[in-house]
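Open the model in your viewer and keep the sequence panel beside it. This tour gives one selection at a time and says what is there.

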Amino acid sequence: MTEPATTTRHGDAIPARPSVVPGAGPARRPGERTTLRLRETGEGPGEPPRYAPEWLALREPADAAARSHDLLDPLRIRLADLPRRAGGLVVHDIGCGTGSMGRWLAPHLDGAQHWVLHDRDPYLLHFAAVGSPRSAADGSRVTVETRRGDVARLTPEALAGASLVTASALLDVLTREEVGALAAACAGAGCPALLTLSVAGRVELTAPHPMDREITEAFNAHQRREGLLGPDAVAVAAEAFGEHGATVRLNPSPWRLGPGQAALTEQWLRGWVGAAVEERPALAERADRYLAERLAACAAGELRVVVHHSDLLALCRPVGGAA
Ligand SMILES: C[S@@+](CC[C@H](N)C(=O)[O-])C[C@H]1O[C@@H](n2cnc3c(N)ncnc32)[C@H](O)[C@@H]1O
């Protein structure tokens, strides 16, 4: 993330809206994936997947309900130990998407805050700037700036002066090298990191079905494609931060989806099954029947799903008065 910062101010025009297919799960079939082509034209092979703002908006309430509050107290204690600064806390949110993490965390922390929102997708950064949080827990002012860049190029210098690094639903779509770069940058800057909502690779559906396990295994294999960490992300991140001398704490942060979250559950199901079939095409016929059954139960308000995630707090060793 060492590219020159592109700062987006409130009121900037959002670029013309590209065609967006709402959906869930990183499958390739149109309409059945989390990672979506936002721009059907101009996206070449090998270009990174883009996330639909509609999908991020759909999951935001479930994400907010799921993130672990137990990690906030140790984080607050660390932040309270920082030298007081006129501008307050400086928080870097990596892979911010439309800024859901800031909207959740800023109102849980006291004092003025300046959020630096990083993403490689400039389209999402516009949404993040426009929808930024305005006030802290105690009513203090919250300001934001956006920076376009890739986590693979994040450096301690880019985090100079940071009080905290955050991320949400990011680690599992990174490679080992990218997570290593993130841990090295945080450790080099001496700032703590709160990295929430990494998939754990486990789901529970009620009522259980004989295909649940097969779909789960195929989905997890899909998540691990092309060197991405998928359900291994939290263990790899804990190890990477640990190697830099950080104290690491983990807490579960499951989505608990019931009739009140039917729209999210439907999109998640489509994406989850779609990705499994993309990984194991032999599943297609049975998976279609399975999906139809699950969608019918969802529409009838009879389906409950727990999608397990983990939150990670890494307390890096402070360096040179920075943090
Ligand atoms: C699943 S979305 C989560 C967005 C947001 N944090 C949230 O919780 O709603 C993952 C985000 O990470 C960004 N991203 C993925 N890989 C990245 C990378 N290597 N560098 C920077 N951003 C990345 C994507 O553009 C996307 O906005």
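**Stop 1**

Select residues 53–66, which form helix α1, and residues 262–279, which form helix α8; their axes come within 10 Å and cross at roughly 120 degrees. This is a predicted model. In general, two packed helices are described by the angle between their axes and the distance between the axes. Angles of 65 to 115 degrees count as roughly perpendicular and those over 145 as roughly antiparallel, and α1 and α8 are therefore oblique to each other. Their crossing is left-handed.

Now show the side chains at the contact. From α1, pick Trp55, Leu58, Arg59 and Ala62; from α8, pick Ala263, Leu264 and Gln267. Sorted by class, the residues of this contact are five nonpolar, one polar and one charged.

**Stop 2**

On the α6 side, select Ile215, Ala218, Phe219, Ala221 and His222. They meet Trp272, Val273, Ala275, Ala276, Glu278 and Glu279 in α8. The contact of α6 with α8 has eight nonpolar, one polar and two charged residues.

**Stop 3: around the ligand**

Which residues are closest to the ligand? Select Gly95, Gly97, Ser100, Val151 and Ser168, the closest of the 20 residues that surround the ligand. Two elements, α1 and α3 (100–105), each give two or more residues to this shell. By class, the shell holds 10 nonpolar, four polar and six charged residues.

**Stop 4: two backbone details**

Most residues other than glycine have a negative phi, and most peptide bonds are trans. Go to Ala169, in the loop between β6 (164–168) and α5 (176–189). Ala169 is not a glycine, yet has a positive phi of about 55 degrees. Next, select Thr206 and Ala207, which are joined by a cis peptide bond with omega about 0 degrees. Ala207 lies in the loop between β7 (193–206) and α6.

**Stop 5: confidence**

Finally, color the chain by pLDDT. The average for the protein chain is 87, and 85% of the residues score at least 70. Over which residues does pLDDT stay under 50? Select residues 1–42. For this stretch the model has 109 contacts beyond four places in sequence. Where pLDDT is low, the predicted coordinates should not be read in detail.

Technical notes:
Residues are numbered from 1 along each chain as its sequence is written. This is a predicted model: local features need pLDDT of at least 70, side-chain atom pairs count only at pLDDT 80 or more; totals for chains, interfaces and linings use all residues. Axes are lines fitted to C-alpha atoms, for helices over the stretch in contact, and angles run from 0 to 180 degrees between N-to-C directions. Helices (H or I, at least four residues) and strands (E, at least two) are DSSP runs, numbered from the N terminus. Angles under 35 degrees count as roughly parallel, over 145 as roughly antiparallel, 65 to 115 as roughly perpendicular and the rest as oblique. A crossing is left-handed if the near helix is turned anticlockwise from the far one by less than a right angle, and right-handed if clockwise. Two residues are in contact if their C-beta atoms, placed from the backbone, lie within 7 Å. Ala, Val, Leu, Ile, Met, Phe, Trp, Tyr, Cys and Pro count as nonpolar, Asp, Glu, Lys and Arg as charged, and the others, Gly among them, as polar. pLDDT is the predictor's confidence in each residue, from 0 to 100. A residue is near a molecule or strand if its C-beta atom, placed from the backbone, lies within 6 Å of it.
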